Amino acid sequence: MLERDFQARLIKRLKFEFPDCFVLKNDPNYIQGIPDLTILWHQRWAMVEVKKSEAARLRPNQRHYIDRAKDLSFGFVVYPENEEDLFEELHNYFD
């Protein structure tokens, strides 16, 4: 599966499981390493980096921004193999 296809499916599922959430696609050319998605849900937010597989490497600065998001709110690297983990953790965090 291509990363863009996984990301599109993931966005649809996010909007289904968290109605009225905002899912923002971040511009990697603006800030190198910024995670792909920012999810806004009521007074909470999360940043998610989307990868096509568990074996896909993080690019420079991506770990830094995910770790920073974890310190401030919620950060996660998601790929098809851990998609269910993401949603379980998001439900725990948002609810």
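Student: Which secondary structure does the chain come to, in helices and strands?
Tutor: There are three helices and four strands, taken as DSSP runs numbered from the N terminus, with H or I of at least four residues for helices and E of at least two for strands. This is a predicted model, where local features need pLDDT of at least 70 and side-chain atom pairs count only at pLDDT 80 or more, while totals for chains, interfaces and linings use all residues. Residues are numbered from 1 along each chain as its sequence is written, and side-chain values use heavy atoms, leaving out hydrogens and water.

Student: Thanks! In what order do the elements run from the N terminus on?
Tutor: The order is α-β-β-β-α-β-α. The chain has a radius of gyration of 12 Å, close to the 12 Å from the globule rule for 95 residues, so it is as compact as a globular protein of that length. That radius is taken over C-alpha atoms, and the rule is 2.2 Å times the number of residues to the power 0.38.

Student: And how do the strands go together?
Tutor: The four strands form an open sheet, ordered E1-E2-E3-E4, with mixed pairing. Two strands pair if DSSP finds at least two bridges between them. Strand E1 (22-25) and E4 are at the edges with a single partner strand each, so one side of each has no neighbour in the sheet.

Student: How many bridges join E2 to E3?
Tutor: Five, and E2 (residues 37-41) and E3 run antiparallel. Isoleucine 39 stands opposite alanine 46 in E3.

Student: Switching to H2: which residues are buried there?
Tutor: In H2 (residues 62-72), they are Gln62, Ile66 and Ala69. Buried is under 20% relative accessible area, exposed is over 50%, and partly exposed lies in between, with a 1.4 Å probe and protein chains only.

Student: Why are they on the same side of H2?
Tutor: Because they cover an arc of only 60 degrees around the axis, using the directions from the helix axis to the C-beta atoms. In general, an α-helix has 3.6 residues a turn, so residues three or four places apart point the same way.

Student: Which residues are exposed on the other side, and what covers the buried ones?
Tutor: Asp71 and Leu72 are exposed on the other side of H2. The cover over the buried residues includes strand E3 (44-50) and strand E4 (75-78), with contact meaning heavy atoms within 4.5 Å.

Student: Last one: what share of the whole chain is buried?
Tutor: 42% of the 95 residues count as buried.
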